[in-house]
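Please look through the model below before reading my comments. The notes are arranged by topic and can be checked one at a time.

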Amino acid sequence: MILEYLKTEYHSERFSEHIKKVMKELSLDESIILSGDLHNTNENIARKKLLGGFRGYGLNRELFENFPNDIQWSVCNFVSDDFSKIRYIDYSYWNELSKGTHSPLMAAQTIQSGIEIYNQSNAGFLKAAEFIKSGGAFLRPILLTSDLEHFVIVEGHFRITAFALVPEYFHNIECFVGKCSGDDLEKWM
């Protein structure tokens, strides 16, 4: 999960500068992400430290405050019918965009109606939806669940929202899914 998370953020327009800054502070080369070796213990430790410095992972802060420790990770395929099972984290922007529902489909309706949240343009979402329609592919979103019926986005809110604008293209989409206890999921959310 750590490597998957770092890959997506490394390529993100929004977060790449910050992650590169933390990498420089830790004297890490981009190869630790771009060609990471999961069998290399030293690399795994360095990536965990990087995600900690970048987003608070393992330090019980920021996005990873109260994040579950006991998680079983796997890759799962999702289809458009699964959108009703996917929710945003509890975060002001996503709460407003989804009108308090945490639903990416509701967020898509908000975007399509031209409503901008906190004066943030919706152009990026619309551009990403066009990218999807033209055959473009994204890295896997990361989701967390306790029951394999309800999923919370850990990483990939933007990408899931773009797919919600064109749900017919959300077919056999791979997501990295972590399963934890319901109590642990509730504490994190």
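The points below cover helix packing, aromatic rings, charges over rings and a few single residues.

1. Basis of the notes. This is a predicted model, in which local features need pLDDT of at least 70 and side-chain atom pairs count only at pLDDT 80 or more, while totals for chains, interfaces and linings use all residues. Residues are numbered from 1 along each chain as its sequence is written, and side-chain values use heavy atoms, with hydrogens and water left out.

2. Helix α1. This helix covers residues 2-10, and eight of its nine residues are buried (buried means under 20% relative accessible area, exposed over 50%, partly exposed in between, with a 1.4 Å probe and protein chains only). Helices and strands here are DSSP runs numbered from the N terminus: H or I of at least four residues for helices, E of at least two for strands. Among the buried residues of α1 are Ile-2, Leu-3, Glu-4 and Tyr-5.

3. Helix α1 against α4. Two packed helices are described by the angle between their axes and the distance between the axes. The axes of α1 and α4 come within 10 Å and cross at roughly 50°. Axes are lines fitted to C-alpha atoms, for helices over the stretch in contact, and angles run from 0 to 180 degrees between N-to-C directions. The two helices are therefore oblique to each other (under 35 degrees counts as roughly parallel, over 145 as roughly antiparallel, 65 to 115 as roughly perpendicular and the rest as oblique). The crossing of α1 and α4 is left-handed; a crossing is left-handed if the near helix is turned anticlockwise from the far one by less than a right angle, and right-handed if clockwise. On the α1 side, Ile-2, Leu-3, Tyr-5, Leu-6 and Glu-9 meet Arg-47, Lys-48, Leu-50, Leu-51, Phe-54 and Arg-55 of α4.

4. Helix α2 against α4. Helix α2 holds residues 16-25, and its axis comes within 9 Å of that of α4, with a crossing of roughly 125°. Are α2 and α4 parallel or oblique to each other? They are oblique, and their crossing is right-handed. The contact (heavy atoms within 4.5 Å) is made by His-18, Ile-19, Val-22 and Met-23 of α2 with Leu-50, Gly-53 and Phe-54 of α4.

5. Helix α6 against α8. Helix α8, residues 157-165, has eight of its nine residues buried, including Ile-160, Thr-161 and Ala-164. The axes of α6 and α8 come within 8 Å and cross at roughly 70°, which makes α6 roughly perpendicular to α8. This crossing is right-handed. Pro-104, Leu-105, Ala-107, Ala-108, Ile-111 and Gln-112 of α6 meet Ile-160, Thr-161, Ala-164 and Leu-165 of α8.

6. Aromatic pairs. The structure holds 17 aromatic pairs; rings of Phe, Tyr and Trp (its six-membered ring) pair if their centres lie within 6.5 Å, and planes under 30 degrees apart count as stacked, over 60 as edge-to-face and the rest as tilted. Tyr-57 and Phe-67 form an edge-to-face pair, 6.3 Å centre to centre with 65° between the planes. Both residues lie in the loop between α4 (41-55) and β1 (72-79), 10 residues apart. Phe-67 is buried, with a relative accessible area of 9%. Phe-64 and Phe-67 have ring centres 4.9 Å apart and planes at 85°, so this pair is edge-to-face. Elsewhere, ring pairs link Tyr-88, Tyr-93, Trp-94, Tyr-118, Phe-125 and Phe-158 into a cluster.

7. Charges over rings. Lys-20 lies over the face of Tyr-10, at 4.9 Å from the ring centre. The charged end of Arg-55 sits over the ring of Phe-15, 4.4 Å from its centre. The test is that NZ of Lys or CZ of Arg is within 6 Å of the ring centre and within 35 degrees of the ring normal.

8. Thr-110 and Ile-115. Thr-110 is found in helix α6, residues 104-112. At 1% relative accessibility, Thr-110 counts as buried. Not counting residues up to four places away in sequence, Thr-110 touches Leu-97, Lys-99, Ile-115 and Ile-117. Ile-115 has its place in the loop between α6 and α7 (123-133) and is partly exposed, with a relative accessible area of 37%.

9. His-150. This residue is found in the loop between β3 (142-145) and β4 (151-155). His-150 and Ile-86 are 64 residues apart in sequence and 6.2 Å apart in space, C-alpha to C-alpha. Leaving aside neighbours within four places in sequence, His-150 is in contact with Lys-85, Leu-144 and Thr-145.
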